[in-house]
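Please look over the sequence and the three-dimensional structure shown here before reading on.

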Amino acid sequence: MPNTVFITGATSGFGEACARRFASAGWNLVMTGRRQERLSALKEELQQQCKVHTITLDVRHQEDIQRAVSELPDDFSDIHTLINNAGLALGTEPADECDTEQWINMIDTNIKGLVMMTHALLPALKKNNSGSIINIGSVAGTWPYPGGNVYGGTKAFVKQFSLNLRCDLLGTGVRVTNIEPGLAETEFSVVRFNGDQSKADAVYDGMQPLTADDIADTVFWTASRPDHVNINSLEIMPTQQAWSGFAVDRKS
């Protein structure tokens, strides 16, 4: 019987690419996202390859998470892998100039949504003594940059939550991985810059970023390791991205 993967934020970017990658391998899919029309179109495309169940869901709403999990059809209730992909960055302003509503949105989505979805699916994941929780973090959870403030903070939380969750699940057979991408060209930057495509394009100008398919391949490889192998964390950058030196404010 095919394994079932539960993917949050499946309507674009890494989530959509993961849905296609797992479908190509014959896994059954549970896909969530806020945009019903995109979910429906993706289901129409992928159900030729596998069984697909879609849930219109905003992970910021805990009661909707609980209802979605409790109402999973029998054919999709045996979850093998959870991909916590739903997340976003908003703005790049210095902390004192930020819109705090954007901060709250990132915290509610990247932290609260991820932990509540994980908690809701833990009973299903644990019952077979196998499976995976794969969290989509970011290099921003380790490496700071100007304007990263709360976004970087949320991804640092994902990093530490993943490590501690791994400790809690020792002996259950459930694996935990934090995938930490660097620059990747998806709708991510368009959202971050409030729909300004020119600003989003400038982020990747003159270099070759990662693609959503690059990350989806990595996620699938992680989920497909033998049961005795756990990939704790995996940081992935484009070849043309590295780290800068320390910034120093020099007074004249």
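The paragraphs that follow go through selected helices, their packing, and several individual residues.

The model is a predicted one. Several residues of helix 1 are buried, namely Gly13, Phe14, Gly15, Ala17, Cys18, Ala19, Phe22 and Ala23. Just beyond the end of helix 1 comes Gly26, whose phi is positive, at about 85 degrees.

Helix 1 packs against other helices. Two packed helices are described by the angle between their axes and the distance between the axes. Helix 8, formed by residues 212-223, is one partner: its axis and that of helix 1 come within 8 Å and cross at roughly 55 degrees. An angle under 35 degrees would count as roughly parallel, and one from 65 to 115 degrees as roughly perpendicular; helix 1 and helix 8 are therefore oblique to each other. The crossing of helix 1 past helix 8 is right-handed. On the side of helix 1, the contact involves Gly13, Phe14, Ala17, Cys18, Arg21 and Phe22, while helix 8 contributes Ala212, Asp213, Ile215, Ala216, Asp217, Val219, Phe220 and Ala223.

Helix 2, residues 36-46, is another partner of helix 1, and here the axes come within 11 Å and cross at roughly 20 degrees. Helix 1 and helix 2 are therefore roughly parallel to each other, and their crossing is right-handed. In this contact Glu16, Ala19, Arg20 and Ala23 of helix 1 meet Leu42, Glu45 and Leu46 of helix 2.

Strand 2, made of residues 28-33, contains Met31. Is Met31 buried or exposed? Met31 is buried, because its relative accessible area is 0%. Asp217 lies 186 residues away from Met31 along the chain, and the C-alpha atoms of the two are separated by 17 Å.

Cysteines deserve a separate word. A disulfide is a covalent bond between the sulfur atoms of two cysteines. How many disulfides does the model contain? The count comes to 0. For Cys18, the closest cysteine sulfur is in Cys50, at 13 Å, which is too far for a bond, because a disulfide requires the sulfur atoms to be within 2.5 Å. Cys18 counts as buried, since its relative accessibility is 1%. Cys98 has a relative accessibility of 16% and so counts as buried, the cut-off being under 20%.

A further helix pair is formed by helix 4, residues 100-126, and helix 5, residues 149-168, whose axes come within 9 Å and cross at roughly 15 degrees. That angle makes helix 4 roughly parallel to helix 5. Helix 4 passes helix 5 in a right-handed crossing. The residues in contact are Trp103, Met106, Ile107, Asn110, Ile111, Leu114, Val115 and Thr118 from helix 4, together with Asn149, Val150, Tyr151, Thr154, Lys155, Phe157, Val158, Phe161 and Leu165 from helix 5.

The loop between helix 4 and strand 5 (132-136) holds Asn129. Most residues other than glycine have a negative phi. Asn129, although not a glycine, has a positive phi of about 55 degrees. Asn129 is exposed, because its relative accessible area is 54%.

Trp221 belongs to helix 8 and is partly exposed, with a relative accessible area of 39%. Apart from neighbours within four places in sequence, Trp221 is in contact with Ile231 and Leu234. Trp221 and Ile231 are 10 residues apart in sequence, with 9.9 Å between their C-alpha atoms. The loop between helix 8 and strand 7 (233-236) includes Val229, which counts as partly exposed at 26% relative accessibility. Val229 and Arg175 are 54 residues apart along the chain, yet their C-alpha atoms are separated by 8.2 Å.

Key: Residues numbered from 1 in each chain as written. Predicted model: local features only at pLDDT ≥ 70, side-chain atom pairs only at ≥ 80, totals over all residues. Heavy atoms only, no water. Buried < 20%, exposed > 50% of the residue type's maximum accessible area, 1.4 Å probe, protein only. Helix = DSSP H or I, 4+ residues; strand = E, 2+ residues; numbered from the N terminus. Axes fitted to C-alpha atoms, helices over the stretch in contact; angles between N-to-C directions. Parallel < 35°, antiparallel > 145°, perpendicular 65-115°, else oblique. Left-handed = near helix turned anticlockwise from the far one by under 90°. Contact = heavy atoms within 4.5 Å.
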